[in-house]
Amino acid sequence: MESASIPIGEVASRAGIPASALRFYEAEGLIHSERSSGGQRRFHREILRRLALIRIAQRVGLTLPEIRDALAKLPASRTPTKADWAQLSRSWRPRLDAQIATLERLRDRLTSCIGCGCLSLQACALYNPSDAAATLGTGPRYLLGNDPGDLAERVPEPPRRPRRPRRPRRRGPGRRAPPR
Ligand code: FES
């Protein structure tokens, strides 16, 4: 790796991330520093790109282990090239596409029934009668990717036969009534 040259305070101020968070990221294995002769953390300038990526990835809902796994694929011994970053972006693409689809559904459906079980809108009676969406899982089913058509694909359970009321037992002619 090229020689590390930026002290932690400068990285924090340029990235807009507190030094305490930088130390946390380092403890979590997301970033690495070198130590100066005085024992202070020094970072290579390339760290700013990693930090930007970490910040944005967290904002779109990726977990720290997901981010760590992706960053671990970048070369540690040299500054990542365009091809390295492209590979990382490909590995996140399905996850990001799913996030984008969820946000688009949120944008488009927030004023209509989202299948959350509240049955509070007039539209709910149409799209989610008797909270039928609950059979597809928990949460706002129509934001999470289901739609009312999925209900039709489910095989309905056969209706249960109502239980007959039990008849009172008849006492035989020789039996006495129990003492009171
Ligand atoms: S919005 Fe909650 S069930 Fe329709």
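G61 sits in the loop between helix 3 and helix 4. Helices here are DSSP runs of H or I with at least four residues, strands are runs of E with at least two, and both are numbered from the N terminus. This is a predicted model: local features need pLDDT of at least 70, side-chain atom pairs count only at pLDDT 80 or more, and totals for chains, interfaces and linings use all residues. Residues are numbered from 1 along each chain as its sequence is written.

The cut-offs: a residue is buried with 20 or more other C-beta atoms within 10 Å of its own, exposed with 12 or fewer, and partly exposed in between, with C-beta atoms placed from the backbone. The C-alpha atoms of G61 and R95 are 9.5 Å apart, although the two residues are 34 residues apart along the chain.

**The whole protein.** The protein has seven helices and three strands. Along the sequence they follow the pattern β-α-α-β-β-α-α-α-α-α. Of the 180 residues, 14% are buried.

The axes of helix 1 (residues 8-15) and helix 3 (residues 47-59) come within 10 Å and cross at roughly 45 degrees. Helix 1 and helix 3 are therefore oblique to each other. Angles under 35 degrees count as roughly parallel, over 145 as roughly antiparallel, 65 to 115 as roughly perpendicular, and the rest as oblique. The table shows which residues make the contact (C-beta atoms, placed from the backbone, within 7 Å).

| Helix | Contact residues |
|---|---|
| Helix 1 | V11, R14 and A15 |
| Helix 3 | I47, L48 and L51 |

Five of these contact residues are nonpolar, none is polar and one is charged.

In soluble globular proteins, nonpolar side chains tend to be buried together. A nonpolar core is a set of buried Ala, Val, Leu, Ile, Met, Phe, Trp, Tyr and Cys residues joined through C-beta atoms within 7 Å. The largest one has 14 residues, and Y25, L30, I31, I47, I54 and I67 touch the most other members. Helix 2 (19-27), helix 3 and helix 4 (64-72) each supply at least two residues of this core. Which helix gives the largest share? Helix 3 does, with five residues. Y25 touches L30, I31 and I54, leaving aside residues up to four places away in sequence. A second, separate core has five residues, among them C113, C124, A133 and Y142.

How values were computed
Axes fitted to C-alpha atoms, helices over the stretch in contact; angles between N-to-C directions. Contact = placed C-beta atoms within 7 Å. Nonpolar A, V, L, I, M, F, W, Y, C, P; charged D, E, K, R; others polar.
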